[in-house]
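Good morning. Please take a look at the structure on the screen, and then I will go through a few of its features.

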Amino acid sequence: MTKNKKVVFAGATLLLMVWCTKGYWTSDGNGRERVRDRLSMAYNDDRGGAIPVNLSPEAQAAFEQRERIINALKLEISQLERGCPKKKLEKYSLLPKIYAITPTYKRPVQKAELTRLSHTLMLVPNLHWVIVEDAEKKSELVANLLARTGMPYTHLHAVTPATWKIKPKEAWYNKPRGVLQRNAALAWLRANVKPDEEGVVYFADDDNAYSLEVFDEMRYVKTVGVWPVGLVGGLMVERPKVNAEGKVVGWLTVWSPNRPFAIDMAGFAVNLKLFMSKPEGKFKNEVQKGYQESEFLRHFVTSLDEVEPRADNCTKVNVWHTRTENPPLREEIRLKKEAKPPSDLGIEV
Ligand code: UDP
Ligand code: MN
């Protein structure tokens with residue numbers, strides 16, 4: 001072998017080794033096994049998640065040091081799992097699972113909204129998407145879109161009866177939206193999730209904007225986790241009020257601030273075991289305007305003291321209650337009047 005050939009050969013071998021090691025850490029699970037061992041070593045006591053009180057300064061320092069190690073290991077697992085194939089993760093993930101519930105209904109922007117949302121959710125490790133169509137039956141549009149994501153999902157439908165449906169000229173806030181669909185998803189969870197499974201339940205409406213950070217923040221919630229939501233309630237941001245001790249003590253909102261949980265649907269997640277232990281927790285059409293979240297959450301926490309503030313003590317915005325404008329389809333209406341074919345004849349938009 002000439003010297004040049006030797007150099008090329010050594011380089012190729014090195015590249016192959018790097019590539020194999022990367023595979024070892026990211027796709028075959030062994031890397032995650034190792035992190036799990038280190039994580040269980042760090043966790044090796046029975047404090048059961050409770051934060052100890054009245055510790056000596058040395059014990060406090062040791063406790064904080066261990067918390068830092070645990071958090072670093074959790075982050076390492078998240079990063080390793082980001083590179084794993086979705087289907088494999090369903091079986092082997094070490095992360096608590098996020099069950100994201102999305103009600104959706106047919107309208108001109110539906111496919112655009114679901115495409116945007118699915119392309120965010122596809123980037124989240126160990127997430128199971130429960131999507132519920134407000135329709136008499138499941139549509140091909142949604143079924144095909146879900147199949148293309150390659151992610152774990154459940155496709156359901158539950159129709160809102162005409163009396164609860166918003167009329168074409170009626171203000172959107174006049175009636176609750178997505179109630180029966182979210183309840184159908186909750187019933188599915190109660191029938192299909194193992195009561196001891198680690199995870200959280202989150203309501204991800206199809207028209208919001210989500211940063212990947214919001215999913216990192218909710219994953220390890222032990223009771224009910226809360227965080228700010230942008231562009232909601234007539235404000236730039238609505239957020240939980242957190243005191244100097246890091247406890248939630250109220251709500252920084254202007255509209256209806258006296259609600260027990262003055263928070264938008266996108267601003268909280270409930271621990272899965274806690275959710276499974278309270279079978280009566282669900283939504284109701286017959287509640288006062290703005291009280292859906294309070295109606296649901298009252299089943300899971302009785303005092304604000306139990307609520308966990310996330311997103312740096314509720315100082316960061318990772319989700320926005322964006323609402324999509326109905327596109328002006330005046331030319332489409334004109335085509336219909338003139339008995340001409342619609343622009344989307346034979347093409348799904
Ligand atoms: N939704 C539904 N049926 C309806 C209206 C809305 O399933 O008749 C869904 C919608 O797709 C969204 C959620 O319910 O995921 C909340 O509805 P919307 O965004 O209109 O209300 P808001 O965010 O203002 O509460
Ligand atoms: Mn919305």
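Strand β8, residues 235-242, contributes three residues to the lining of the largest cavity, and that is the most from any element. Strands here are DSSP runs of E with at least two residues, helices are runs of H or I with at least four, and both are numbered from the N terminus. This is a predicted model, in which local features need pLDDT of at least 70 and side-chain atom pairs count only at pLDDT 80 or more, while totals for chains, interfaces and linings use all residues. Residues are numbered from 1 along each chain as its sequence is written, chains are lettered from A and ligands numbered from 1 in the order in which they are written, and side-chain values use heavy atoms, with hydrogens and water left out.

Back to the cavity. A cavity is a set of points, on a 1 Å grid over the protein atoms alone, where a 1.4 Å probe fits but cannot get out, and lining residues have an atom within 4 Å of a point. The structure holds one cavity of 30 Å³ or more, and the volume of the largest is about 30 Å³; volume means the space filled by probe spheres set on the points, which are joined across faces, edges and corners. Its lining consists of W227, V229, E238, R239, P240, A262, I263 and D264. By class, that lining has five nonpolar, no polar and three charged residues.

Next, the ligand. Which residues are closest to ligand 1? They are P103, D134, R177, D207 and R323, out of 16 that surround ligand 1, where near means a heavy atom within 4 Å. This shell divides into three nonpolar, four polar and nine charged residues.

Some polar contacts, meaning pairs of N or O atoms within 3.5 Å, can be listed. An oxygen atom of ligand 1 lies 2.6 Å from a side-chain N or O atom of R323, and one lies 2.7 Å from a polar backbone atom of P103.

Last, the rings. The structure holds 13 aromatic pairs, which need ring centres within 6.5 Å; planes under 30 degrees apart count as stacked, over 60 as edge-to-face and the rest as tilted. F268 and F296 form a tilted pair, 6.3 Å centre to centre with 35° between the planes.

How values were computed: Polar contact = N/O pair within 3.5 Å; in protein donor to acceptor, adjacent residues only side chain to side chain. Nonpolar A, V, L, I, M, F, W, Y, C, P; charged D, E, K, R; others polar. 1 Å grid on protein atoms, 1.4 Å probe; cavity = no way out; pocket = protein on both sides within 12 Å on 5 of 7 lines; lining within 4 Å. Phe/Tyr/Trp six-rings, centres within 6.5 Å; stacked < 30°, edge-to-face > 60°.
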